[in-house]
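This report describes a protein model, beginning with a local detail and ending with the contact between its chains. Keep the sequence and the 3D view at hand while reading.

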Amino acid sequence: MSIAEPIAESSSRESDYVWTLNFGPQHPATHTTLRIVLKLDGERVIDAVPDIGYLHSGFEKTGEHLNYNQYVTITDRMNYISPVANAVAWHGAVEKLLGIEITPRCKYLRTIVTELARISDHLLCTGAMGLDTGAFTFFLYAFYQREVIYDIFETVSGQRFHPSMTRVGGLAYDFTPLVIEKIRTFLKNFPQTLDDMERLLNRNRIFVDRTKGVGILSGERATNMSATGPIARASGVTRDLRKDEPYLAYADFDFQICCAKAGDCFARYYVRMAEMRESLRIVAQAIENIPAGPLNVGIDERTTLPPKSQVYQTIEGTITHFELVMWNRGFVVPNEETYAAIESPNGELGFYVVGDGSDVAYRARTRPPSFIHFSLFPELIRGHTLSDVVAVLGSLNIIAAELDR
Amino acid sequence: MTNASISALSARIGAVSTTEFRGDTRVIIGKEQLLDAMQLLKDDRGFDLLVDVTCVDYLNYRDAKNRFGLAYLLANTATNERLTVRVLLDEPHLSVPSMVPLWAGANWLEREVFDMFGIRFEGHPDLRRILMPEEFTAFPLRKDYPLQGRGERHNFQRIARAEA
């Protein structure tokens, strides 16, 4: 049976005990808006047909009308659980198109914020999964620490939820000593919370019973279905772009790739919990070794606004500043197209960018991990009960804004 | 490594045009040979992960000769090799063979390309719109479709609570 065969065709008269249930578009476990048409035999799910598009707002079309720096405010709203990872992925792709090598300091800062975003994403995913399967305390523990990460982002950029902090060739904000202090405090306090969280759920009878053996995905099937990230790694696929195609500063750090073999909901939860510890290790190594030097690429690249001292005191700085701020100028990109991806918290997040000479992308395609992972849902839930729907949905970490874009 | 893939490809389907940009290798394949070439890439060259299927509308693009360019982004999870396979299409022949028999993950990706660009994938098990509503008639990511839409949102049929 195909993944999304229309229900009307497959239901026949002799199976009139089978009934159809609309799950969503407004349901606490969908977290945002997505709809699943479930075909039930008693409590058992025979088939599920996802119906998506409720949050479609044309992000990719908008990307063809906003310039490379403006579009970062839109990418932040795709996976709004870890917006910084999207911003880093977007500008990583744009910089690859332009052929810019960003500065070592910028690489480190981007690595730190991406790893903080990963922790924040995994906290929400595991926390909400716990909430949906009845572990409310766990959720509160997770959300308390998420607030700490939001506070760090607010200190960096002035924006709690959507920092939009990357720019082509650099970052809009440098780390102040206060930011570094807050990250150090987080690094000190978070492991205890993580221990508490693991003690709460890892051997919790109710949670383990509800997630072990539910929604099993084999490693081969995961790759065949284009799954990446924690979902594939929970099925034994060892692919992680941070190790396989080291980007930013990941080659400098000592960390492990977390994998599990079971491929069920519990394994996906477990991989995420383990990844948070590895992210902490990366942040701890990075924060003590941030290279000195400029944050943004120099004025030769003509992509980032030069510092004011350069604008006022050098002719090159003045020219670059004017070239960039005048509405009919901007920077020049090649008539080419490229794809660059990062290991976002949810899996491979890439952008296929087509440049047409102007500073507005001709095409800005997102490779959305949520979209690809949600197509796994019908085969994961088939044969399980209605109450398992929320467990599987929670373990896949579907962010509807990224799903529909 | 990528060269080995390309020579294997040209041994099977004849010479392929290859371009390279910032370390990405792109090959352009005719749509008649697409299924054959993809079969080879998947089975013999180990490209087991279909990373993405996307499309670019080259209307008004400088020096573009074809209207649409499909891009299949492939990756080999064992060797981390990447390859981009391009298929160029022109109206009115907007159809290519579906990749669902090779990579099940192509299902939703191809549905999205169909939804946004109107390119048909022959042999796709369930080629319906995925993000736009069923009754939508245009293909919104084509370049001749305006950003503001053509009034679909304004004229969208709404039902009151009493009629529901």
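How many residues lie between β2(A) and β3(A) in their hairpin, and which residue in the turn has a positive phi? The model is predicted, and in it 2 residues separate the two strands of this hairpin. The residue in question is A:Gly42, with a positive phi of about 65°.

**The first strands of chain A**

One pair of bridge partners here is A:Trp19 and A:Leu40, the latter in β2(A).

**Two domains in chain A**

Chain A is divided into domain 1, residues 7-51, and domain 2, which takes in 59-297 + 331-404. The centres of the two domains, taken over C-alpha atoms, are 30 Å apart. Their contact involves 14 residues from domain 1 of chain A and 18 residues from domain 2 of chain A. Which element gives the largest share of the domain 1 side? Strand β3 (residues 44-51) of chain A does, with 6 residues. By class, the domain 1 side of this contact has 8 nonpolar, 3 polar and 3 charged residues.

**A helix in chain A**

Helix α5 of chain A covers residues 104-132, which is 29 residues. From its first C-alpha to its last it reaches 42 Å, close to the 42 Å expected at 1.5 Å a residue. Is this helix mostly covered or mostly open? It is mostly covered, for 28 of the 29 residues of α5(A) are buried. An α-helix has 3.6 residues a turn, so residues three or four places apart point the same way. Just after α5(A) comes A:Gly134, which takes a positive phi of about 100°.

| Property | Chain A | Chain B |
|---|---|---|
| Secondary structure | 18 helices and 8 strands | 3 helices and 7 strands |
| C-alpha span along the principal axes | roughly 80 × 45 × 35 Å | about 65 × 35 × 30 Å |
| Buried residues | 53% of 405 residues | 37% of 164 residues |

Chain A has a radius of gyration of 22 Å, which agrees with the value near 22 Å for a compact globule, because that is what 405 residues would give. Of the contacts in chain A between residues at least 6 apart in sequence, 68% join residues at least 24 apart. In chain B, residues 24 or more positions apart account for 52% of the contacts with a separation of 6 or more. Read from the N terminus, the elements of chain B follow the order α-β-β-α-β-β-β-β-α-β.

**Where chain B touches chain A**

The contact between the chains takes 31 residues from chain B and 39 residues from chain A. On the chain B side, β3 (49-57), β4 (68-75) and α3 (106-117) each supply at least two residues. Which of the elements of chain B gives the most to this side? It is β3(B), with 6 residues. Sorted by class, the side of chain B that touches chain A has 19 nonpolar, 6 polar and 6 charged residues.

How values were computed. Residues are numbered from 1 along each chain as its sequence is written. Chains are lettered from A and ligands numbered from 1 in the order in which they are written. This is a predicted model: local features need pLDDT of at least 70, side-chain atom pairs count only at pLDDT 80 or more; totals for chains, interfaces and linings use all residues. Helices (H or I, at least four residues) and strands (E, at least two) are DSSP runs, numbered from the N terminus. The radius of gyration is taken over C-alpha atoms; the globule rule is 2.2 Å times the number of residues to the power 0.38. A residue is buried if 20 or more other C-beta atoms lie within 10 Å of its own, exposed if 12 or fewer, and partly exposed in between; C-beta atoms are placed from the backbone. Two residues are in contact if their C-beta atoms, placed from the backbone, lie within 7 Å. Domain bounds come from an automatic or database domain assignment. Ala, Val, Leu, Ile, Met, Phe, Trp, Tyr, Cys and Pro count as nonpolar, Asp, Glu, Lys and Arg as charged, and the others, Gly among them, as polar. The expected span of a helix is 1.5 Å times one less than its number of residues. Two strands pair if DSSP finds at least two bridges between them.
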